[in-house]
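I opened this notebook to record what I looked up in one chain. The entries follow the order in which I consulted the structure.

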Amino acid sequence: MKKGIMKKILMLLFVVMLLPISSAQAEGKKGLLVYASVYGSTIETAYWIKAIIGHENHLDVKSIDQVITIDPYDYVIIGSLTRNEGPVKPVYEFIEKYRAKLAQKEVAYYLTCGDSDETMVLKIPGKAAHLIGGRNYLKDQMEKYPKIKPVAIAGFGGRQVMPNLGTKDNIQIWLVGKLAKEGAAWEGLDIWESLVKERVEVFANEIRTKILGIGPRENIEELRGYWTSLQPASLTDASKKKFSPKPSAEHKSSKKIYYARSRAMGDLALGENLLKQWAEDNGIDLKEQVKTSFNIYYHATKNYGGEPITSHLVIATFPDEIGNLQIAFRCWEKPDVRKGMEADITKAEELLWADGRKID
Ligand SMILES: Cc1cc2nc3c(=O)[nH]c(=O)nc-3n(C[C@H](O)[C@H](O)[C@H](O)COP(=O)(O)O)c2cc1C
């Protein structure tokens, strides 16, 4: 073969070998979204997030069982359904296995869950009252792996398709419904969707801006079809709605609970100051139980007729309601002994809502 032709072939081979490298560099950061799902809602949110991030940006979406290494990726999004108030075991095992490597990468956590209200306090027999719902379910995972510092976290809410739940799951959900002091939102529904669509969008846009540096996606509403469908909430009652979030304004007094839920314009710092003032003015012992970047949970205790009565109080901010403070009071004492506390809760609400801050 002539020397000139040989040289041209070698040059061509060299260019061909270089091609994949240069196109990979042009793609920018490489992401992995790994999910755990039982009934499929977490998978739908995974592909919805991928669509918001944009197909032009590299993001592998994989079931947790399909992953053997995270080495090729610059960032990892870990999505889980919620069971028993947290991400499922395979997600913990995945994080445990790759903990050292995840600590070196950009990471984001999200959950689908039934309860997306981050002011929710659960009191069930045999367990102290505690925060649940949305991002509260990620607390344990984040405390177990403090070296992994997620750039974004989210609790979206989720979907339950009642007639298709497995027998064990069905019994558990029925039991949870019986224990729910404020009522079970899924009662009478075939499909219950609690997902707050804006939370998926805020989360995916955080990945775009904080990790990829490409700014939020335009026309984001066009992608909501990943979640919405023509399936009705109930096959027998067309009036029932699939999406039934817990009301953000509610006052309930039953034998089991005094529950006051409302919203005011403001942030956590304002809420904290006003509640301290309320406690001081009314002789209430206000003890902080949990403080995160998005909520504060207090026990507010006072003696009424010689008996100490405690109300469980949470203020929170949600990613889908910028500038609004979410407020919830719960008192599980009997109606006749909690009267004084009910009056004090009303005073706290008046203070939080004052100066035109109340949101109806
Ligand atoms: C047996 C069972 C237990 C659940 N436990 C919780 C829970 O503790 N907290 C919560 O908010 N949601 C809970 N959920 C709701 C699921 O997390 C939610 O429906 C989720 O969207 C399901 O995701 P998947 O479709 O990907 O499996 C539970 C659902 C089932 C069936």
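Entry 1: the core. I began with the largest nonpolar core, which holds 75 residues. Within this core, Ile49, Val76, Ile78 and Tyr110 touch the most other members. I then looked up which element gives the most to this core, and I found helix 7, with six residues. I also noted that the core draws at least three residues from each of domain 1 (24–226) and domain 2 (250–359). For Ile49 I listed the contacts, not counting residues up to four places away in sequence: Leu33, Ile77, Val200, Phe203 and Ala204.

Entry 2: confidence. I recorded that the model is predicted. Its mean pLDDT over the chain is 92, and 92% of the residues reach 70 or more. I marked residues 14–26 for caution, as the pLDDT there is below 50. Beyond near neighbours in sequence, I found zero contacts for this stretch in the model.

Entry 3: the chain as a whole. I looked up the secondary structure and recorded nine helices and 18 strands. The C-alpha trace spans about 105 × 50 × 40 Å along its principal axes. Of the 360 residues in the chain, 34% are buried. I also examined the contacts with a separation of 6 or more, and residues 24 or more positions apart account for 70% of them.

Entry 4: the two domains. I noted that the chain is divided into domain 1, residues 24–226, and domain 2, residues 250–359. Their C-alpha centres lie 29 Å apart. I next looked up where they meet: 13 residues of domain 1 are in contact with 18 residues of domain 2. On the side of domain 1 that touches domain 2, helix 7 (residues 197–212) gives the most, with three residues. I sorted the residues of that side by type and recorded five nonpolar, one polar and seven charged.

Entry 5: the ligand. How many residues surround the ligand? I recorded 22, and the closest are Ser37, Ser41, Leu81, Gly114 and Gly158. Helix 2 (41–53), strand 4 (82–83), strand 10 (159–161) and helix 6 (167–179) each supply at least two residues of this shell. Helix 6 gives the most, with three residues. By type, I found six nonpolar, eleven polar and five charged residues in the shell.

Entry 6: Arg159. I placed Arg159 in strand 10. Is Arg159 buried or exposed? I recorded Arg159 as buried, because 24 other C-beta atoms lie within 10 Å, and the cut-off for a buried residue is 20 or more. Leaving aside its neighbours within four places in sequence, Arg159 is in contact with Ser41, Ile191, Glu193 and Leu195. I also compared sequence with space: Arg159 and Gly40 are 119 residues apart in sequence and 8.8 Å apart from C-alpha to C-alpha.

Entry 7: Arg261. I found Arg261 in strand 13 (residues 258–265). Why does Arg261 count as buried? I noted that Arg261 counts as buried because it has 22 C-beta neighbours inside 10 Å. Not counting residues up to four places away in sequence, Arg261 touches Pro247, Ser248, Ala249, Glu250 and Ala328.

Conventions
Residues numbered from 1 in each chain as written. Predicted model: local features only at pLDDT ≥ 70, side-chain atom pairs only at ≥ 80, totals over all residues. Domains from an automatic or database assignment. Contact = placed C-beta atoms within 7 Å. Helix = DSSP H or I, 4+ residues; strand = E, 2+ residues; numbered from the N terminus. Nonpolar A, V, L, I, M, F, W, Y, C, P; charged D, E, K, R; others polar. Core = buried A, V, L, I, M, F, W, Y, C linked by C-beta atoms within 7 Å. Buried ≥ 20, exposed ≤ 12 C-beta atoms within 10 Å, placed from the backbone. Near = placed C-beta within 6 Å. pLDDT = per-residue confidence, 0-100.
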